Amino acid sequence: MEKKDYRPMWKDLGLNLEGHDQLLAVLGNAYKDIYMSQENRPKAMQYLDFVISEAHGLRIEELMEEKRKGNKVIGTFCVYVPEELISAVGGTCVGLCAGAEIGIDEAEKVLPRNTCALIKSFMGFKLAGLCPYIQASDLVVGETTCDGKKKAYEILNDYKETYVMEIPQMKTERDRALWKGEVLQFKERVEEIAGRKVTPENLRQGIKIVNEKRRALQRLSQIRRAAPPPISGLDALLVNQISFYDNPLRFTRNIHTLCDELEERVRNGMGVAKNGTPRILVSGSPMALPNWKIPYVVETSGAIVVAEESCVGERSTRDLVQEDGKSLDKMIDAIVDRYMKIDCACFTPNEERIEHILDLARDSKADGVIHYSIQFCTPYSVESYKVEKTLQQKNIPVLKIESDYGMEDVGQLKTRVEAFLEMVKG
Amino acid sequence: MRTAGIDIGSRTVKLAIVEEGEIITSSIADTTHDPLEQCERLMAQTSFDRILATGYGRHFFETHFDVPTVTEIKAFARGAKEIFPGCRTILDIGGQDTKAIALDEKGRVFKFEMNDRCAAGTGMFLEVIAKTLGYELGEFGREALKGEGTIQINSMCTVFAQSEVTSLLAKRQKRENIAYGIHVAILNRTLSLLKRVSTTPDIVFAGGVARNPCLKYLLDEALVRKIKVPKDPQMVGAYGAAMIAGDSIEIDRSIY
């Protein structure tokens with residue numbers, strides 16, 4: 001099939017066409033090398049291959065069509081933004097590009113060099129004109145999950161209107177009240193942008209759509225607990241990454257199809273790795289598309305990733321919004337409560353995250369935990385000390401990795417990961 | 001059975017041939033721009049039944065010869081434990097890596113750390129600074145021992161340290177004192193890595209940099225004379241790999 005020429009659309013969106021072509025070429029090659037070289041992939045992964053191949057094409061065209069119909073596109077960077085409210089007013093919530101080492105020169109004009117790779121990346125994507133999602137967004141929503149992001153949004157706002165939600169730092173009643181205020185204010189902003197009111201009916205629908213997406217991802221997470229796992233960690237991470245981009249209804253449907261196939265594999269004892277392959281839980285900073293570095297290193301070193309304790313993973317899918325709220329007030333409360341449960345490292349104290357890691361290590365039958373923090377990501381880097389200490393007390397092997405999006409440390413990372421796996425195997 | 005271990009490092013390739021637990025022959029060559037050719041040259045001079053590869057270049061060797069590999073961490077752990085059965089801690093400073101490895105009583109690795117992507121404090125660092133001071137690498141440690149502890153080097157980045165050394169030379173500081181200061185700087189960095197992992201004796205100091213008498217002296221002082229250095233510290237990884245090749249039954253491939 002002849003690929004459609006999206007260049008006129010990209011041009012209209014104000015993308016830097018030359019740079020964008022280069023980006024797509026690099027990403028296409030990386031995807032081929034990392035993803036298509038995997039053996040024994042589930043057939044249903046074709047859906048994800050297609051979404052990836054059209055991530056900057058067909059999907060953007062769909063979003064533009066939505067916009068023509070008067071529906072809004074809201075771009076986000078964080079799992080704290082209540083997608084339910086966006087969905088309620090007929091909007092689409094999309095994750096914005098933040099997972100590739102791109103536009104760094106541009107980003108470093110406005111940001112300090114020792115800023116985390118994710119922040120540099122989103123700034124670079126915007127300043128270099130390479131992210132069609134941010135271009136297509138009617139509003140960008142930021143949040144105060146770390147100082148780097150918080151301050152960077154002030155700068156981003158000079159280039160694209162950025163609405164910032166305040167995330168509390170603790171989990172007391174006062175913090176809940178603050179968060180509820182933020183959710184209500186965001187609801188008003190979303191209503192204003194969409195020109196539509198959030199009603200009990202459309203919010204019920206919004207809650208349902210987002211919960212269903214989370215349920216599909218929870219199902220996948222359960223299936224990966226099988227031995228041998230029927231899907232690679234790379235593919236499962238991709239599913240979680242795509243959950244921020246694709247139409248939620250289509251995504252949910254296709255992930256259930258994938259899960260059907262995976263369950264069939266489990267029934268037949270079929271896996272993507274031999275029995276006895278070390279099972280690894282990756283825990284820590286988010287791995288935004290196309291950051292595949294850690295599972296790539298792990299899975300080319302003779303192990304398999306069986307879970308991600310990450311915002312692109314369990315942190316975003318673990319909890320559902322209660323669906324029994326009858327009034328708008330009750331539904332808002334349900335949303336507030338659900339999001340207050342998120343165990344982001346920006347909270348203090350954050351003991352529940354450590355509990356969740358222990359639970360997940362047990363449930364996913366992990367032989368070891370790799371704690372990944374993006375370099376200069378203070379919340380996760382600092383918290384890794386407590387994570388490591390607790391895991392060691394429970395005799396769960398743990399390896400701490402701090403890395404950015406560059407590839408120059410892959411050789412050393414491989415040595416460290418392989419030595420860790422030798423240790424895990426005993 | 002004769003087993004071989006080949007340790008392909010960033011600066012040198014080491015080959016050890018082992019029979020009944022003892023090294024019967026060993027050889028070493030610079031890694032150069034063509035490590036594969038160097039490996040082939042070393043291997044052509046000897047014979048063995050099986051081989052196991054380790055070191056930075058193990059993966060290209062694995063691909064080329066279809067030979068199993070282990071990491072340097074496991075290889076050094078095994079080698080050090082064979083040479084010094086009481087070994088509980090290993091410090092390996094090679095061409096571009098520094099590793100600290102902690103072993104349990106049975107010699108199993110239970111913790112390790114290595115430097116990040118930067119070569120500060122490694123053999124490469126010593127090489128660059130020695131050259132800046134006009135020393136041969138082989139005499140650098142010996143000459144540094146003649147220096148006095150009057151100079152503090154603040155920078156551990158190879159490039160910054162080099163310029164710091166250049167400016168000290170411009171201030172007419174004695175080069176052996178600068179050399180001593182450089183060794184103290186490496187010592188401090190190494191100690192902080194060791195303390196994060198283990199300082200349980202016996203501490204075995206291996207890798208090419210263990211041939212440097214000044215660093216060995218300083219470490220010995222700092223760790224109250226608990227440092228043990230093998231006769232041929234560079235060969236520990238290759239020896240360990242050859243020993244591991246001997247116990248794995250599934251590895252049965254000879255390439256020559």
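Biologist: Which domains does the assignment of chain B give?

Modeller: Domain 1 covers 1–84 + 232–256, and domain 2 covers 87–229. Such bounds come from an automatic or database domain assignment. This is a predicted model, where local features need pLDDT of at least 70, side-chain atom pairs count only at pLDDT 80 or more, and totals for chains, interfaces and linings use all residues. Residues are numbered from 1 along each chain as its sequence is written, with chains lettered from A and ligands numbered from 1 in the order written.

Biologist: What separates the centres of domain 1 and domain 2 of chain B?

Modeller: 25 Å, taken over C-alpha atoms. Across the boundary, 15 residues of domain 1 of chain B are in contact with 23 residues of domain 2 of chain B (C-beta atoms, placed from the backbone, within 7 Å).

Biologist: Which helix gives the largest share of the domain 1 side in chain B?

Modeller: Helix H3 (residues 72–83) of chain B, with 7 residues. Helices are DSSP runs of H or I, at least four residues, and strands runs of E, at least two, numbered from the N terminus.

Biologist: H3(B) also meets helix H9 (residues 236–247) of chain B. How do their axes cross?

Modeller: At roughly 90 degrees, and the axes come within 7 Å. Axes are lines fitted to C-alpha atoms, for helices over the stretch in contact, with angles from 0 to 180 degrees between N-to-C directions.

Biologist: Why is H3(B) called roughly perpendicular to H9(B)?

Modeller: Angles of 65 to 115 degrees count as roughly perpendicular, under 35 as roughly parallel, over 145 as roughly antiparallel and the rest as oblique. The crossing is at roughly 90 degrees, so H3(B) is roughly perpendicular to H9(B). Phe76(B) and Arg78(B) are among the H3(B) residues in that contact, and Tyr239(B) and Met243(B) among those of H9(B).

Biologist: How do the residues of that contact divide by class?

Modeller: Into 10 nonpolar, 3 polar and 3 charged. Ala, Val, Leu, Ile, Met, Phe, Trp, Tyr, Cys and Pro count as nonpolar, Asp, Glu, Lys and Arg as charged, and the others, Gly among them, as polar.

Biologist: In chain A, how do the axes of helix H7 (residues 117–127) and helix H9 (residues 147–156) cross?

Modeller: At roughly 10 degrees, coming within 10 Å. That value therefore makes H7(A) roughly parallel to H9(A). Ile119(A), Met123(A) and Lys126(A) meet Gly148(A), Lys149(A), Ala152(A) and Leu156(A).

Technical notes. Contact = placed C-beta atoms within 7 Å.
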